[in-house]
Amino acid sequence: MHPPSRQDYVSISFAEKGSGGYNNSKNWRRQSCWRKWKQLSRLQRSLILFLLVLLFICGIASYPSFNEHLRSLTDGEQYTDSNSVLRPVIPHVLPEPVEQPRPPLPEQTSQKKLPAPNKRGPPVLHNRLQRKDNSSDTGLREKAPEIKKDEGVISWHGAVIETEQGTEGAKDEGNKEASPANKKAEPTNETDASRLEGVREAFRHAWKGYKDFAWGHDELRPLSKSYSEWFGLGLTLIDSLDTMWIMGLKEEFEEAKTWVATELTFNKNVDVNLFESTIRILGGLLSTYHLTGDTVFLEKAKDIGSRLMPAFNTPSKIPYSDVNIGKGTAHPPRWTSDSTVAEVTSIQLEFRELSRLTQEPQYQAAVAEVTNQVHKLDGKLDGLVPMFINTNSGQFTHQGIYTLGARADSYYEYLLKQWIQGGKQENQFLEDYLQAIEGVKKNLLQKSSPNGLTFVGELSHGQFSPKMDHLVCFLPGTLALGAHHGLPADHMDLAKQLMEACNQMYVQMETGLSPEIVHFNMHEGSNRDIDVKLADRHNLLRPETVESLFYLYRFTGDHKYRDWGWEILQNFNKYTKVSSGGYTSINNVRDPDYTSPRDKMESFFLGETLKYLYLLLSDDPDLISLDHHRFIRRKPGSSEHSSFRTLKPAQDTLSVLSGLYTQETMSWTRFSNLLELERDSVRLIKVCTLFFFYCH
């Protein structure tokens, strides 16, 4: 029995220390949070941890660039004196542009530069006989574009071009006056000789890194002293053959030739990109054959050319992007049935030349079918083409976007060069080229503020964007080449204006090196002409600008173009040279203190960039003469986004260009490049992702 409860008192119990009763202390709250964490599922905890790690890694990767961006905003675009101490050669203050009368912006038809998306220099034939061109008038009328054919003469905009001129024909007397080859050459001095030797030394240093750490492989990774493979076919070695021959590096050339003759085989079960392998491998081999006459290079060129032919076995005859050169099969990318327009229209020079040399017409017939189809397609805007074409339907896709940058640029370049390659007889190419240049003037050409730089932007569904890829800097050289071959004289004027804009893309950067993409300011009151987004600040050692400098110097004799090229080489040496051998692309051209090297030397740095610098600085106008040799081009790959490759006949110009920017294999590395994240950080993120999902 329980005693009756008492009503005259209240009982209060006090919990002793550690008894587990209510406690509002911090220790108790921590224990409560831990209990809540433990109540989450393993998947929820894994996701939270993964996001925290991801944010931490991205913060570390982006901190230097972001911090620099904040400083630039705070300082109002003023550069600190500390930077000047670090790079005394390159002023950090934007140099005042030389005051010169600027012609008013043409009514929407200002000249614009031709796309040089991925072009490489035209391989020239040293042993060709010189032929003289017939005189050509370059008078320009302001009437609407009109092309008339009359007894072998084409009249367009008042310009009269005699189509019987050979590919290697010389300019008329008036144009000869502007050519350094016909001017009284300035005496060679020690400075000129030392500059030329400086380019050779840069090549030797790059070649040393490749030979020591990446021999026989595709690309050098100079910082890690290793290599990377794309196709496993020695891309850098083949891409460099003509450069070594031009520079007179006989020992290096013989070593590379021996490897090609004894080690290079295309009987491999590997997928290769049609465009990249055409401009880098097929073009490189053809160019070297033209320079040396050694049939080993022609035999290898025929081997790879025949193995690429399955790419054209499509319902529309528009080629697939990828070919397995061992199995003889082809397919589009895994994520789409489209190919880029630049890819499918920038292989013609090489395949046409292969047919000419082997007397086997199937190569030229395959690429001619592509050219004819694109010529007749709807969807163009004043001669400008969209970026993609479907391999099943043969029609343009993703219409409404027009650019001279990646995925379209080399289409325009190849139009002009095929016209020249064919002895100026195939008027379809000239017609499409001239119409496209007018389309550029009308739709894409604008001027920047405050200094009125002429640049080529992009058009997206009627909306203009002041975005310009570095790849577009092949256009000044292409325009100048066309003017040299009798096209309207205002093409040369536009080439000079665009060349100035491309040079400013270097000059206005703190490292003196151009970013991959810039945006020009068009609003009055802007403090500077060029802005660069954080994701666009990388430099891949591209050749487009120095190639155009080479053309402009050869055709005008103006020594400022040589000075600009030499300054670019100096900055490559300062910010991209690796002491153990090789050069590396960098992630940040805006910060001299932290350029963030990418640990990769693209093959076109040796195959194009250094070659054009050497030709630019050479005092010998007959070294790869632009009058006395046949042009066969290849483009670059990336991007790059390139014009004619001096050594490689068909491949040079086109191959380098295409390889740079055309279709890229959507591997993790390629994807990381698109995101513009540092390679190491991306790998780390990938590892963390796999780790967490594997563990849980």
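**A first look**

Analyst: Happy to! Buried residues make up 58% of the 696 residues in the chain; buried means under 20% relative accessible area, exposed means over 50%, and partly exposed is in between, using a 1.4 Å probe and protein chains only. This is a predicted model, where local features need pLDDT of at least 70 and side-chain atom pairs count only at pLDDT 80 or more, while totals for chains, interfaces and linings use all residues. Residues are numbered from 1 along each chain as its sequence is written, and side-chain values use heavy atoms, with hydrogens and water left out.

User: How many helices and strands are there in the chain?

Analyst: The chain has 22 helices and 19 strands. Both are DSSP runs numbered from the N terminus: helices are H or I with at least four residues, and strands are E with at least two.

User: Which strands form the open sheet with β7 in it?

Analyst: That open sheet has three strands in the order β6-β7-β8, with antiparallel pairing. Its edge strands are β6 (271–273) and β8 (329–331), each pairing on one side only. Two strands count as paired if DSSP finds at least two bridges between them. Between β6 and β7 (residues 322–324) there are three bridges, and Asn273 has Asp322 in β7 as its bridge partner.

User: What holds paired strands together, in general?

Analyst: Strands of a sheet pair through backbone hydrogen bonds, either parallel or antiparallel.

User: New topic: where does UniProt put the active site?

Analyst: The unreviewed UniProt entry places the feature "active site" at Glu276, Asp409, Glu516 and Glu544. UniProt positions are given in the numbering used here, feature names are shortened, and annotations may be inferred rather than shown by experiment.

User: Is Glu276 buried or exposed?

Analyst: Glu276 counts as buried because its relative accessibility is 0%. You can find Glu276 in helix α8 (residues 274–292). Asp409 is in helix α13 (residues 409–421), and Asp409 also counts as buried because its relative accessibility is 0%.

User: And which residues on both faces of β18 are buried?

Analyst: In β18 (residues 517–520), Ile517 and His519 on one side and Val518 and Phe520 on the other are all buried, with both faces covered. In a regular strand the side chains alternate between the two faces of the sheet.

User: What does β18 pair with over three bridges?

Analyst: That is β17 (residues 467–469), in the antiparallel sense. Here Lys467 has His519 in β18 as its bridge partner. Two bridges also join β18 to β19 (residues 530–531), again running antiparallel, and Phe520 has Ile530 in β19 as its bridge partner.

User: What about His461: what is its phi?

Analyst: His461 has a phi near 50 degrees, a positive value in a residue other than glycine. His461 is found in the loop between β15 (458–460) and β16 (463–465), and with a relative accessible area of 61% it is exposed. Asp382 is not a glycine either, and has a positive phi of about 55 degrees. Asp382 is found in the loop between α12 (362–376) and β10 (388–390), and is partly exposed because its relative accessible area is 27%.
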